[in-house]
There are 4 protein chains.
Amino acid sequence: MDLAIIGLGRMGSNMARRLMRDGHRVVVHNRSPEPIKEMEQEGAVGAYTPASVVDRLAPPRVIWMMIPAGDPVDDMINKLLPLLSPGDVLIDGGNSNWKDSVRRAAAVSERGIHYLDVGTSGGIWGLEVGYCLMIGGEEAAFRIVEPAFKSLAPPDGYRLLGPSGAGHFAKMIHNGIEYGMLQAYAEGFEILESSPFEYDLAGLAALWNRGSVVRSWLLELAERAFKEDPHLESIRGYVEDSGEGRWTVFQAIDQDVPAPVLTLSLMTRFRSRQPDSFAAKVVAALRRQFGGHAVQPSGGE
Amino acid sequence: MDLAIIGLGRMGSNMARRLMRDGHRVVVHNRSPEPIKEMEQEGAVGAYTPASVVDRLAPPRVIWMMIPAGDPVDDMINKLLPLLSPGDVLIDGGNSNWKDSVRRAAAVSERGIHYLDVGTSGGIWGLEVGYCLMIGGEEAAFRIVEPAFKSLAPPDGYRLLGPSGAGHFAKMIHNGIEYGMLQAYAEGFEILESSPFEYDLAGLAALWNRGSVVRSWLLELAERAFKEDPHLESIRGYVEDSGEGRWTVFQAIDQDVPAPVLTLSLMTRFRSRQPDSFAAKVVAALRRQFGGHAVQPSGGE
Amino acid sequence: MDLAIIGLGRMGSNMARRLMRDGHRVVVHNRSPEPIKEMEQEGAVGAYTPASVVDRLAPPRVIWMMIPAGDPVDDMINKLLPLLSPGDVLIDGGNSNWKDSVRRAAAVSERGIHYLDVGTSGGIWGLEVGYCLMIGGEEAAFRIVEPAFKSLAPPDGYRLLGPSGAGHFAKMIHNGIEYGMLQAYAEGFEILESSPFEYDLAGLAALWNRGSVVRSWLLELAERAFKEDPHLESIRGYVEDSGEGRWTVFQAIDQDVPAPVLTLSLMTRFRSRQPDSFAAKVVAALRRQFGGHAVQPSGGE
Amino acid sequence: MDLAIIGLGRMGSNMARRLMRDGHRVVVHNRSPEPIKEMEQEGAVGAYTPASVVDRLAPPRVIWMMIPAGDPVDDMINKLLPLLSPGDVLIDGGNSNWKDSVRRAAAVSERGIHYLDVGTSGGIWGLEVGYCLMIGGEEAAFRIVEPAFKSLAPPDGYRLLGPSGAGHFAKMIHNGIEYGMLQAYAEGFEILESSPFEYDLAGLAALWNRGSVVRSWLLELAERAFKEDPHLESIRGYVEDSGEGRWTVFQAIDQDVPAPVLTLSLMTRFRSRQPDSFAAKVVAALRRQFGGHAVQPSGGE
């Protein structure tokens, strides 16, 4: 089928490649022109403005945005909307907040244009093994884009999960769970690393991936990571977080759901980025006040 | 090779079966005689006393205990030890505390007898796909038993991880991680289940298992569980815990390692077993004291 | 001084009483008329409409709202604003979100009217011991209302903390800390209650209030609560939460601050309100899948 | 009355002083002789060996140990026991594990000697305001020592809580709660400190101590601490922990009690002492593996 990819970051360009491999005709657009040129050389149809994206497709047009969440998505929709025709399909495959997707879908559908929110998982491995696609929106739009979904995903790796927002909601929870799993493995490996035994963590991860209850794809990655750097000496314990982890906690609280593990997995990331903890200073200061306990001077080790 | 399995619970008897399938001669013993008879009919050599276990094997004997952790293991060792010869190998494949295994290995080795602690994962699926074996002890003993390890485990699914205790320590951490992963998935599914969307959780689990970052064997089981009972209406949210989860937390604290996620995964299980929470009563009572906030009478809903 | 109290719930009416005790002239208004009549009998000046509140005060008018957070505050401001004169002071003494207070202060000040956000703590004890007043806004407005602050608060119990929003922000954090303290005491008392010792918790709370590190006003309330019901048998462990606890967690996350204790104190309240836990069902279901562990049927005990 | 204090650290010597102020005759002993000499000059009766402690008291002797928990207590008991007479009272006022106290009381009572375990709170303030004494053991022994308890404690600040162990158990939980309260305040102050407002934390703590729900002695200490160093710039966020916090968590787990707040308050202390977090390294490493997310090199900032 014909479709456009807007946003040629790592995810967008790899998705375009995976689509072209399966014979689809892919129009590509990006804010800066270089990635467009690159993709043209790989066989894509370059479009150097949003308007030319629309021009290079015939109705019903399928336009897939892979751009940063937030204002950039609203801006792009505002540019495209006047140019599109009823029956066209606009797809947000980025990490948007599901509430934004509900709002945008409603706004776009007033013009007779379809909107699909597609949570996309797979990271840098997606090009090779396929992307897991969590889709929210109308069945009719889903059917139009299904050939592309089929090419992008591994077998059975795409699914219409519900109305608009259901895709990004599922992706949000997916990432929340990911935070929890990563933290669970990480705590286990830290206890092993500081244990009385001198474990070969790569070997142990490899072992656990063969028949144990905790085997998973993330544990296969742990095997690789420990093979490259057995004691992770080359990197700092500094962990970023993206919106989805926070939104998962907000959502849990909005729904009155206790989610201690997902929440603490997020908050340990905050802590990982603090050179010192003001809260710990407060505790140290109060202990000195009541017990005369020694404190460590700032700057010392 | 020849070896004995002592303890014919679900794990022990399935392991005996898997060994016999590969042509090993398996002597079997159990506290109650019925399982022995059953296994005899499947081709095992029955031994109705610990002494007859020893009699039915030639040195170096390999005796694999699959019995409840704690006193039963010490009792069995005490029964076997006077009957064994230097060079024999005693294996504890149960869920023993790693410190007990260190202590027992030292005691047994004084008599010239080898001791291996083997953390065993795989549950009821082990018969079919093989058991993941985490092994602690001496290389020499490991080599003697390796043919059996090979039959029990999936390809590359057994490994000598270190000296005595290293096997059960690794199994302990494995279970701690398992608690954390289960809780991470569980929290995610609870938010989904009470979300504004009506997710088909079996379908979503199936989807996530195809290319997403959170794919795992546990998530495959979640797919099965939700297929059988889409909203888990047939079961209570009541979760037991075994020793390993607790020991993981104790170990973390002994090593000064923060393990918030593993710890909370354990403690939510405690909470799941409380019909009411005394702590919550205290909070409700104090809120009434200072704010005049209404409390719910006991017994009400 | 002269001022009006709008909202004669428990807090508002007690504050009016405390002000009148100190000789202030207090105009009172409420949505329903009965509390106005009641307060009139105690010496207040009744005002049965917002307009009459304004009429019964001379500029610069001081109007103190003690009404539910959210839309009611905006509605009242919208009613009052056209009637007020530059230099009048509008006070929100309720539990508003600090961001709303920042927004409202900006809107109100465009009309030349002062706005103070006053976080008010003290609960049902405030009438007797005074209210702790955390105040945000301009110094000029603060000075106008100071005589009333002095009457409402215990000695030194009021303070201008910063610009608009600083009062409600401080109150939000105050409540977050309160959640954490309550949960800390509650967990301690639960361990004591289920310990091998048969503690008299009222006696122990009383003891701790005499010289121990954990003495506090909340612990004095615990002493009272346990005296009334030594094992809290009359109430359920069911705990509501108000907005401030949630906002504290949102704020922590917005500021990248790890706040595990405040967050878990909130989430245990969510859990206290669940008759069963879906997350625990998921864990139980998965444990059955991999280990054949028994589950408890729903409805059973 | 007559009694001996063994162990003249800060706590022991201050307790001796407070006893002497009330006219008691206090025999003092310490491992090193200097503190004995010092206390002699203040009016105490010096005893340079355990034997001379016993000599300088008439039966029924009261000997109060204020020495480090663990082996030192057992060693001292072993030295004293052969010298004591039935009816004498041995007191452990240190931070012993309650299970040790149960064990020691049983062993000591076989010789007809009383044993009291006395949890002591008050820190460096105890000399001035009195020590809160949580006492476990027999009523008869308690009555013998009561005059000393009365002098040491503030009014009503001592209490027999139950049989042997009940005193140290209560002190353990007291400290667990203290950890939770400290962390609750600390998290609140961290959010305030990094908030959009420039709070004067000493002033805010002072304000909260006047009528608010969170007022407490610890908050009075916070007021002092922030007055001395408004942004705690002079100290590091490095917090030690003593045995009781850990034991509280162990006890909670042994009793199947969920204690998330007390546990996390302990574990944040562990984290405060880690220059880098191995767990965070693991998460960072895995995120790089699946998402190509950048990591920070070790040693960098």
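Predicted model: local features only at pLDDT ≥ 70, side-chain atom pairs only at ≥ 80, totals over all residues.
**Salt bridges between the chains**

Two salt bridges are found across the interface of chain B and chain A. To see one of them, select A:Arg159 and B:Asp200, whose side chains meet with a distance of 3.9 Å from N to O. This pair counts as a salt bridge because the nitrogen of Arg lies within 4 Å of a carboxyl oxygen of Asp.

**Polar contacts and the elements that supply them**

Next, show the polar contacts across this interface. The count between chain B and chain A is 22 residue pairs in polar contact, with both residues at pLDDT 80 or more. Colouring by residue class shows 39 nonpolar, 21 polar and eight charged residues on the side of chain B that touches chain A.

**The extent of the interface**

Now select every residue of each chain that touches the other. In this selection, 68 residues of chain B are in contact with 68 residues of chain A. The size of an interface is often given as the accessible area lost when the parts come together. Here, chain B and chain A bury about 5,700 Å² between them, and 74% of this lies on carbon and sulfur atoms. Highlight B:Ile191, B:Phe197 and B:Val213, which supply 12% of the area that chain B buries against chain A, more than any other three residues.

**The symmetry of the two copies**

Return to the whole assembly and compare the two chains. Two copies of a chain are related by a rotation about an axis and a shift along it. In this model, a rotation of 180° with 0.0 Å of shift along its axis superposes chain B on chain A, with an RMSD of 0.0 Å. The two copies are therefore related as by a two-fold rotation axis. To locate the axis, select B:Ser216, which of the residues of chain B comes closest to it, at 2.0 Å from the C-alpha atom. The copies meet through the same surface, because 100% of the interface residues of chain B are also interface residues in chain A.

**Two domains within chain A**

Chain A is divided into domain 1 (2–162) and domain 2 (171–276). The contact between them takes eleven residues from domain 1 and ten residues from domain 2. The centres of the two domains, taken over C-alpha atoms, are separated by 30 Å.

The area buried between the domains is about 870 Å², of which carbon and sulfur atoms give 60%. Select A:Asn95, A:Trp98 and A:Trp125 in domain 1: these residues lose the most area to domain 2, together 51% of what that side buries.

**The last stop: between the domains**

Which residue forms a salt bridge with A:Asp254? The partner is A:Lys99, and the closest N and O atoms are 3.7 Å apart. The count between domain 1 and domain 2 of chain A is one salt bridge, and four residue pairs are in polar contact across their interface. On the side of domain 1 that touches domain 2, helix H5 (98–109) and strand E6 (114–121) of chain A each give two or more residues. The largest share, three residues, comes from E6(A). By class, the residues of this side divide into three nonpolar, seven polar and one charged.

Technical notes: Residues numbered from 1 in each chain as written. Chains lettered and ligands numbered in written order. Heavy atoms only, no water. Domains from an automatic or database assignment. Contact = heavy atoms within 4.5 Å. Buried area = accessible area lost by both parts, 1.4 Å probe. Polar contact = N/O pair within 3.5 Å; in protein donor to acceptor, adjacent residues only side chain to side chain. Helix = DSSP H or I, 4+ residues; strand = E, 2+ residues; numbered from the N terminus. Nonpolar A, V, L, I, M, F, W, Y, C, P; charged D, E, K, R; others polar. Least-squares fit on C-alpha atoms with pLDDT ≥ 70 in both.
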